[in-house]
Amino acid sequence: MRSGIPFRSILSAVTISALQCTGSGGTPAAPAFPVAPAVCTPTQRAFGGPVVDPHGPYYHQVVVARTSDGTTLTEAHQVLDHASVPDGVRRADGSVLIYYVNGAAGSVWVARLEGDSARALGAISINGVEAPAGVVDPDALLLADGTVRLSYLSGFGPPGPSAERAICIADSQDGVTFTARGAALSLTTGEMITDPSIVRLSDGTWLMAVSLGQQAIIARSSDGLTFSRETTLSFGGVPELSRGEGGGVRLYVCAQGIVSYHSPDAGRTWSREGVVVGPGFNGHPIVCDPSLVGGAGLFVFKTGE
């Protein structure tokens, strides 16, 4: 979220302290998770005030554009202010939801697209806790049964010997009220991994991409429940995965704007496609946080100062 650094969640110390006080459609449903670990089940609300970092989410905007091929954008326009780390999903009823960190409220919120604008619906809840503290970097996926699956970084806050973090997953029937399902990827103490994105491939296996600064880590799963790290790519950070044509998979990363890569072999090899959004969009130097909204012909991203 800092100016000039293309990844979402490594904020300044001020932002971290404040928060601590506080993809792809048509994917088949996965088996149920076991009981979620404590790190994935928030018990406290976020602090409920603006994120004061001068380069943080209060000074970011969410932009939506149209796309027919996932790489060429038209009609890009801002739909949310004081909003960061966006990700969109098209629900079974055709409505499009955008999940984002509300920089004015210090927690994850959801908005619904209505024409060329977005109407905020309010903060999400996880296990009955509204606006849960320590939850950032939402990434939404629609399952075949209509469930909205949210992957997110849980335990966000200052690093320390007892600071536990994980990439977690929660499910919702209405897109607002979620139930935590489990930890898809465990993180070691002090490990600054952020920004998950999950996709199910045509062969039934699953890929996850997470950000490690300006790199992207690819993890793989046979059941969509537990992911194992496989490789680290140096293309850029803040990755987004989506299903491509012909059974392939596309990866978007932040690297002087937003750049796309394509893999024909389930994410084992990649080739660069090109720049999707260049740096300096609409007068804003930060362009990051890509999200292709599967089945909607829309592309969501963030701008900032």
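**Burial, cores and disulfides**

Reader: Is L153 buried or exposed?

Author: The model under discussion is a predicted one. A residue counts as buried when its relative accessible area is under 20%. L153 has a relative accessibility of 0%, and therefore L153 is buried.

Reader: In which strand is the place of L153, and which residues is L153 in contact with, leaving aside its neighbours within four places in sequence?

Author: L153 belongs to strand 10, which covers residues 148-154. With those sequence neighbours set aside, the contacts of L153 are G134, V135, V136, D137, R165, A166, I167, L187, I193, T194 and P196.

Reader: Which residues have the most contacts inside the largest nonpolar core?

Author: In soluble globular proteins, nonpolar side chains tend to be buried together. Here the largest nonpolar core has 22 residues. Strands that each supply at least two residues of this core include strand 3 (83-90), strand 10 and strand 12 (177-186). Inside the core, the most contacts belong to V89, Y99, I124, I126, L150, Y152 and F178.

Reader: How many residues of strand 13 are buried, and which residue of strand 14 is the bridge partner of S197?

Author: Strand 13 (residues 193-200) has eight of its eight residues buried, so the rest of the structure largely encloses it. Strand 13 pairs with strand 14 (residues 206-212) in the antiparallel sense, over six bridges. The two strands form a hairpin with five residues between them, and G204 in the turn has a positive phi of about 95°. Within strand 14, S197 has as its bridge partner A209.

Reader: How many residues apart in sequence are the parts that C40 and C168 tie together?

Author: C40 and C168 are joined by a disulfide, with an S to S distance of 2.0 Å. The torsion about their S-S bond is about -75°, so this disulfide is left-handed. C40 lies in the loop between helix 1 (13-21) and strand 1 (60-67), whereas C168 lies in strand 11, so the parts tied together are separated in sequence by 128 residues.

Reader: Is the disulfide of C254 and C288 left-handed or right-handed?

Author: This disulfide has an S to S distance of 2.1 Å. C254 is in strand 18 (residues 249-254) and C288 in strand 21 (residues 286-293), 34 residues apart. The torsion about the S-S bond is about 105°, so the disulfide is right-handed.

Definitions and conventions. Residues are numbered from 1 along each chain as its sequence is written. This is a predicted model: local features need pLDDT of at least 70, side-chain atom pairs count only at pLDDT 80 or more; totals for chains, interfaces and linings use all residues. Side-chain values use heavy atoms; hydrogens and water are left out. Helices (H or I, at least four residues) and strands (E, at least two) are DSSP runs, numbered from the N terminus. Buried means under 20% relative accessible area, exposed over 50%, partly exposed in between (1.4 Å probe, protein chains only). Contact means heavy atoms within 4.5 Å. A nonpolar core is a set of buried Ala, Val, Leu, Ile, Met, Phe, Trp, Tyr and Cys residues joined through side-chain atoms within 4.5 Å. Two strands pair if DSSP finds at least two bridges between them. A disulfide is a pair of cysteine sulfur atoms within 2.5 Å.
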